[in-house]
Amino acid sequence: MESILVLTHMDETGTVLSKASLEAVTAGLELAAQIGASLAIGVIGSAAALNGVAATRARFFAVEGEVFTQARYATDAAAAEALCRAAGASIVLLPGSSRFSRVAAGVAHRLGGFIDTHITALTAAAGIEATRWFYRQRIEAVISRDSRPWFLLVDAGTQKPYAGEYAAAEVEKVAVAAPASRTTVTGVRAPEQGQQTIRPDAKMLFVAGAGWTKKQPDGQVHTSEAAELILGFLRASSSSLGSSKSLVDQGGEGQSVLPFLTHMNQIGQTGATPRHAKGLSTCCHGEEPHVVGWRFIADRRAISLDPNCGWTRGKADVVYIADAFAVMAKVNALLGTRE
Amino acid sequence: MANAVHIVVCAGIVPDPLQTLEPVTGPTGPGLKNEMVLPAVLDPWAASALYEAGALAAKNPGSKVWLISLGPKAKLQQVMMTVAQKVGFELVPVDGPIGGFPDAHSTAAVLAETIAALPGLDQSKLLLFGGWESASRGAGVTLQLIGERLGITEQFQGVDQIDLREDGSFEVLERVEGGKHQVSVCASTPAVLGWATGNLAEPRNNPQVGMANMRTIMPALAKAKVAKLEANGLRYVSASQPKQQRVTRVEKNMTPDEIAAELVAWIGAE
């Protein structure tokens, strides 16, 4: 019989489980129910955080200690390894957070196991089957493995976060000696530009393409105006900002740039593939390397001057052939009025 | 020479992003239709790692860069014609299968074995670079696994910056959620760094660098060892392209006012 361990960690407050961890708990509960497996939940950080998932009636394990509060390879690997050995599970589910993405494969190796990541769905047909994408969201595959333990890193945003009654969880504390590490985590830094433009939980993604910094009908470049329009829209709509590679790259090529954009805003083949309910693309040609980053955007609209752009070829739901400067100025005015 | 580092960059080759990719199932599992004739490029995030490696080596005299790449020899040769003009490196090719479907654990085992056997590599000075995810398998696990096999437990993923200091320590910026960076200081090498985009633009082609590299690339390709990758129990149930093709409404005659009104209603709708 299979046994499942869900490995979790705390959110940035350090008091409760992260949202991605709660999603992994949901995945664990559902898979355990499908295959009749036992369920254990382990946490790195604080045993008290498991009170939020006490209603799952899983077996609970925790590694505590100041040295394990920070996300760092050596300490996280040691803690996760100890939790896995304590639970002795054949299937280990982890949230696809930056913290566990950094360390999960190393832990799988230490346990003689195997890992698959970016899992978007888990089902039990002829054994456990996991769905993931290859080639930057261009090919979807269903995989299975006979070897155990099998580690599966579940992509954030693919499951409903677990929500249950708060209760006192009976937690087995797992003692781990702090491993030697040469790394000191000194903090978290926002991009130099200071403006928080990436909002993973936003309902909407707004993508700016290179057209914003090209010459406009008057023969001039209007980068400052573009920046005001884009930031104004982000403020009014609470959207997350994405960008095409070409627009971000302009910074390194000495061209006129939008000062708040970094490579972290980049969406597509060489950037992120975020999950939002809606997406609005502006001044972007919508060709395949870019659109692969939109795989998980459900409702897509685009504003483009080019009636033959990629978006019009079945990649967006609605395409407005128009000047984005004019349209976004009107949109911002309307959103301002609505506020 | 105090800060001389030995940088090993692991970089695969992937189909040019502009190509249409169609999965086909063969006797050993899924692959890409016409895979061997698709134009290939160096994996984009691994290419960022190579450019960062070149810049770091240039700033720290006595440093050396190795580029380890696993793929079919013929494709590696084709890609190297361009890559060799970017930065100076010693190519260590491994002749093996192309594509995103082979198991990452097997790939890591082959690469770790290759690195451990590199003549002249001082592992105490090692910075193991690569892309934090490939554009083919995109699993983000290969570097971690190599690191574990080599006994390196200072590992960083989603790296955008490294600042090597006089005392041999270095500061690393890793991507975390919400568009932020986690800042860490590592006291010394060795370490594993899986690069995101970094901060460097793609270097211009330099024919002189290209000629110097090619003197060693061609002999290295000629004697590349052959690697067979085990499946490790990995089984593909299916592999398919997404079917979704949207019915696009193209609006060519709406005024900015009309479009704005429609967009605002759409934004506010649940």
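1. The C-alpha centres of domain 1 and domain 2 of chain A are 35 Å apart. Domain 1 covers 3-173 and domain 2 covers 204-338 of chain A; these bounds come from an automatic or database domain assignment.

2. This is a predicted model, in which local features need pLDDT of at least 70, side-chain atom pairs count only at pLDDT 80 or more, and totals for chains, interfaces and linings use all residues. Residues are numbered from 1 along each chain as its sequence is written, while chains are lettered from A and ligands numbered from 1 in the order in which they are written.

3. Between the two domains of chain A, four residues of domain 1 are in contact with five residues of domain 2 (contact: C-beta atoms, placed from the backbone, within 7 Å).

4. The contact between the chains takes 76 residues from chain A and 73 residues from chain B.

5. Strand β8 (residues 139-145) of chain A and strand β14 (residues 234-240) of chain B run antiparallel and are joined by six bridges. Strands are DSSP runs (E, at least two residues), numbered from the N terminus, and two of them pair if DSSP finds at least two bridges between them. Within this pairing, Ala141(A) stands opposite Ala239(B).

6. Val9(B) and Leu193(B) touch the most other members of the largest nonpolar core, which has 142 residues. Such a core is a set of buried Ala, Val, Leu, Ile, Met, Phe, Trp, Tyr and Cys residues joined through C-beta atoms within 7 Å; buried means that 20 or more other C-beta atoms lie within 10 Å of a residue's own, with C-beta atoms placed from the backbone.

Methods. Helix = DSSP H or I, 4+ residues; strand = E, 2+ residues; numbered from the N terminus. Buried ≥ 20, exposed ≤ 12 C-beta atoms within 10 Å, placed from the backbone.
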